[in-house]
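Have a look at the picture before reading on.

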Amino acid sequence: VGARLWSVLTAFGKHGFGNSQFAPLLTPSPALQQKLGILNSGLGIAARPKAGGRRPLMKEVYLYAKHRASPTKAGRGVWKTTRRFGRRLKRFTGPIKPWWACTSGRSELALVLRAEQAPNPDSRVTLGDSVDATGMPRVRLDWRLKDQDVETASALVDAVARHVASRGLGRIEPAQWLSERPRQWTFDDLISDHPIGGYHHMGTTRMAEDPRKGVTDGYGRVHGLDNLYVVGSSLFPTGGWANPTLTILALSLRTAERLLSQLKTKAPIRPGKA
């Protein structure tokens with residue numbers, strides 16, 4: 001058991017490649033997505049404290065610094081310091097700590113799921129009545145989910161469970177919320193500090209060539225305005241399941257190159273097809 005546990009934790013742990021790190025994940029094939037009518041998703045495997053347990057002390061320190069520190073340069077510095085320390089500690093210990101926690105009975109293996117949310121016109125981002133310290137209105141988020149969002153997560157877990165069982169590798173017990181009504185995402189605070197969709201709210205100014213279907217064109221230019229551009233994840237027509245940072249950077253560079261090319265030719269910046 002110990003050897004198999006070590007191989008699983010090692011396979012799904014973080015691996016270094018040059019100055020970068022990556023971690024393997026399982027995703028449904030396009031054929032399976034089409035067959036089941038589900039969105040994009042991916043999952044890994046990690047150790048978590050057993051139900052009723054407590055999060056590791058380092059995790060508690062990190063979350064406190066992240067959510068309770070003052071939104072100042074000094075406060076952000078405290079958060080960054082705790083994050084760097086935690087990451088370096090994980091690199092040093094590798095799978096040793098979670099392996100020991102599982103073999104000693106303090107932790108168990110869990111599926112860590114990341115899933116896409118279907119675009120939902122019922123979701124809204126508006127300005128609220130309260131203001132922040134600078135007098136600016138605070139943002140009010142009305143985040144709505146669809147049945148398909150939970151069905152996507154459930155289908156991936158079921159597919160992996162069937163695969164594992166058919167090969168005699170073990171048994172996967174789906175979380176109760178995957179089959180509950182109403183259909184709603186949830187999260188396990190013993191292994192994560194946010195819902196499975198993450199903190200990345202996207203699509204509020206989605207791009208589309210047709211002004212009736214989006215706010216901007218393919219380069220982020222707001223329809224009807226020649227000199228107003230938007231760059232960010234709000235342009236995404238769909239969210240996907242992976243971190244959006246690299247895509248945001250790619251869109252930023254693409255829009256910047258277009259603006260520079262227009263300025264070099266001294267041509268007026270006009271709408272254009274992506």
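Of the 274 residues in the protein chain, 28% are buried. Keep in mind as you explore that this is a predicted model. Along its principal axes, the C-alpha trace spans about 70 × 50 × 45 Å. The chain exposes about 18,300 Å², and 57% of that comes from carbon and sulfur atoms.

Now try following the chain from end to end. How do parts of the chain meet? Take the contacts between residues at least 6 apart in sequence: 59% of these join residues at least 24 apart.

Next, let's step inside. The largest nonpolar core has 13 residues, and Trp 177 and Trp 185 have the most contacts within it. Two elements each give two or more residues to this core: strand E4 (107-115) and helix H6 (147-166). Helix H6 gives the most, with 6 residues.

Let's finish with a single residue. Ser 233 sits in the loop between H6 and helix H7 (245-264). Is Ser 233 buried or exposed? Its relative accessible area is 15%, so Ser 233 counts as buried, since the cut-off for buried is under 20%. Leaving aside residues up to four places away in sequence, Ser 233 touches His 201, Met 202, Gly 203 and Ile 248.

Conventions:
Residues numbered from 1 in each chain as written. Predicted model: local features only at pLDDT ≥ 70, side-chain atom pairs only at ≥ 80, totals over all residues. Heavy atoms only, no water. Core = buried A, V, L, I, M, F, W, Y, C linked by side-chain atoms within 4.5 Å. Buried < 20%, exposed > 50% of the residue type's maximum accessible area, 1.4 Å probe, protein only. Helix = DSSP H or I, 4+ residues; strand = E, 2+ residues; numbered from the N terminus. Contact = heavy atoms within 4.5 Å. Areas by Shrake-Rupley, 256 points an atom, 1.4 Å probe, with all protein chains shown as cover.
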